[in-house]
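Keep the view open while you read.

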Amino acid sequence: MTVNVATAATIEIAASEPAPGRRFWSLLTRSKWVTAGLTIFAIYVFLAIFGRMLAPYDPSYQNYGEILKPPSAQHLLGTTQLGQDVLSQLLVGAAPTLEIGFLAGVVATALSIVIGVGAGFYAGSAGEGLSLLSNIFLVIPQIPLLVVISSLDPKASIWVYALVLAFLGWAWGARVLRAQTIALAQQDFVLAARASGEPAWRIILFEILPNEIPVVATSFVYTVVGAIGSYVALCFLGLVNINTWNWGTMLYWAQSQQALQSNAWWWFIPPGLAVAFILLGLVMLNFGLDEFINPRLRAAGISRKAMKAASRQQGITPVVRKRPAEPSGAVRAGDEINNAARRAK
Amino acid sequence: MSYLARRIGFYIVTAWAAVTINFFIPRLMPGSPVEIMIARLGQNGPVTPGMIHALETQFGNPKASLLSQYFSYWSQLFHGSLGISLTDYPESVGSVIGQALPWTIGLIGASVIIAFVLGTAIGAYSAWRRGSFLDGALPLSAFLQALPYFFLGLVVIEVFGERLGWFPTSGGYSQGLAPVLTPSFIGNAAQHAILPAFTIVVTSISGWMVGQRNLMITTLDQDYVLVAQAKGISQRRVMWMYAVRNAILPQFASFAVALGLVVSGSILVELVFSYPGIGSVLLNAVGNEDYSTMQGIFLIITLAVLAANFIADLVYVVLDPRARQEA
């Protein structure tokens, strides 16, 4: 496999490979970032599905005999100011936190595909208008707007929040997809499809979109990260129904009942880390996707030593080296790194 | 300057969109802010017909058509009126925001500049020296990026403020000091800003870092970098004047996105540190159902973000000759 690194930040389009989706998947799982990210993600999905069953106590049950107890055999993560079991709250809180992130991610990604691909595919004022729309939504700061919206309707269900978060979160994906679509629309296979009279929807669905899967995936993951982060923040502020359990409301209660001041770290740290680790998993997944989109970034799998050796010998300058396998003398730095990777394996 | 002209046009359209969103939100949501505000104002003092009229202009008047409401909303804005603050009755929302805004701009401005400079430098260097210990910074930065701002803020307060007692943990300056621009007051304020600024820098740095690293890796493969090295130009010069100089341009272009996120996060940081900025005012307003202040703040924050983006555009024009030549 020779990686063609000539076009920056555009996806390689290999005409000889019929199923970009399958190739995408097999390449993806080779990346350490992706493996780590997906592992974390799978653990969280498991907790979200079975958390309610695994929880040892009712998360709202107040046991006044066990107030602010540090972790013990009965309460693995201790208890709150009201004698509630922290572990149970954490387990029960997993599902709503993930649900809202994913619902918002799905809706936002759908919006960003329609608007982004549309803006890239249709030149002229329609495309410009869609592009302007996404740029406007990119600039408007989300949290102040969310605060205004949530204070006007404090009883809104989490589905309403998911939709609002999606509505505020699609713009970044749309902008990236627009750039990709503009690049793809000039490729020969798209021009050929146009010349043979294929309708626009068919070109978009079967020629352009399959080649944008990695970009759609990154923007989906980023939207989920943003939505979970914003929702947890809103819950922490006490703006969302604070009597339901999720990691944001846990942090709200811990903060408002002075968990840290009373040294109850077991109450405050777990929900924060729970949020941090799901977001970490998603961010790592995206690092992997970025490396897929831009092969130059693919340093994963290269041992540090091989990398260092390669860069010490030749810097980043291509140097003529005697190698029987390579027909041409000059080797590009990107190829050199990939070769180093293969040799290291 | 057609590039700048286009950007200014974009900011005008965005400002119009923000005002329009602000106009429609209270009219589309189920709550009735006018009644709540009138009831709450009544607790503070007599409610004059003028005040009711102003509130209806802001939040919706069932008797007037939407279009005429929209125009009177704009005319009220052009007269500089954002309504009366409930939280600091009878001050106007404008003056409440005016007092808080310098704190926020100072804190976020300093943090964003520090995070940008540090993040760009580390990112550029880790791309330049791939395989060095800086590659380990990537997983670390992923973790920092994943930490919620407010959570890190609370941990920072507990560790550096309460346990170690190194820095003050709340407020913008020591109680009893008069907020005047003397060296001792500025020093005191700077000391109070260290922990919140540290929190914002730590959580926002990784975006700049990863961005610059990825751009830099792409740039390093360009022919002009190769030629520069072949010419025997010193490594440092190749890195900064050839690679970084070019790789940094898209960083300015993505400033808009980053700034929106930082501002949103900073609002939470201000709350956690009881910082006297606009975020704290916003959250007090939420507690008091003070819709005038909330909407005023959303508007002002959006305008401030637009202004900051415009500054980033100006820097971009200075750095990128292509933007200048389009004139």
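## A helix pair across two chains

A:Leu145, A:Val148, A:Ile149 and A:Leu152 in H5(A) meet B:Ile21, B:Ile25 and B:Pro26 in H1(B). Contact here means heavy atoms within 4.5 Å. Helices are DSSP runs (H or I, at least four residues), numbered from the N terminus. The residues of this contact of H5(A) with H1(B) divide into seven nonpolar, no polar and no charged. Ala, Val, Leu, Ile, Met, Phe, Trp, Tyr, Cys and Pro count as nonpolar; Asp, Glu, Lys and Arg count as charged; the others, Gly among them, count as polar.

Angles under 35 degrees count as roughly parallel, over 145 as roughly antiparallel, 65 to 115 as roughly perpendicular and the rest as oblique. Axes are lines fitted to C-alpha atoms, for helices over the stretch in contact, and angles run from 0 to 180 degrees between N-to-C directions. The crossing of H5(A) and H1(B) is right-handed.

## About the model

This is a predicted model: local features need pLDDT of at least 70, side-chain atom pairs count only at pLDDT 80 or more, and totals for chains, interfaces and linings use all residues. Residues are numbered from 1 along each chain as its sequence is written, chains are lettered from A and ligands numbered from 1 in the order in which they are written, and side-chain values use heavy atoms, with hydrogens and water left out.

## The whole interface

The contact takes 65 residues from chain B and 60 residues from chain A. The two chains bury about 5,400 Å² between them, 76% of it on carbon and sulfur atoms. Buried area is the accessible area (1.4 Å probe) that two parts lose on being put together, summed over both. B:Arg130, B:Phe151 and B:Asp221 supply 12% of the area that chain B buries against chain A, more than any other three residues.

## A pair inside chain B

Helix H8 (residues 183-220) and helix H12 (residues 255-272) both belong to chain B. Their axes come within 10 Å and cross at roughly 150°. That makes H8(B) roughly antiparallel to H12(B). Residues from H8(B), including B:Trp208, meet residues from H12(B), including B:Phe255. The contact of H8(B) with H12(B) has seven nonpolar, three polar and no charged residues.

Note on methods: Left-handed = near helix turned anticlockwise from the far one by under 90°.
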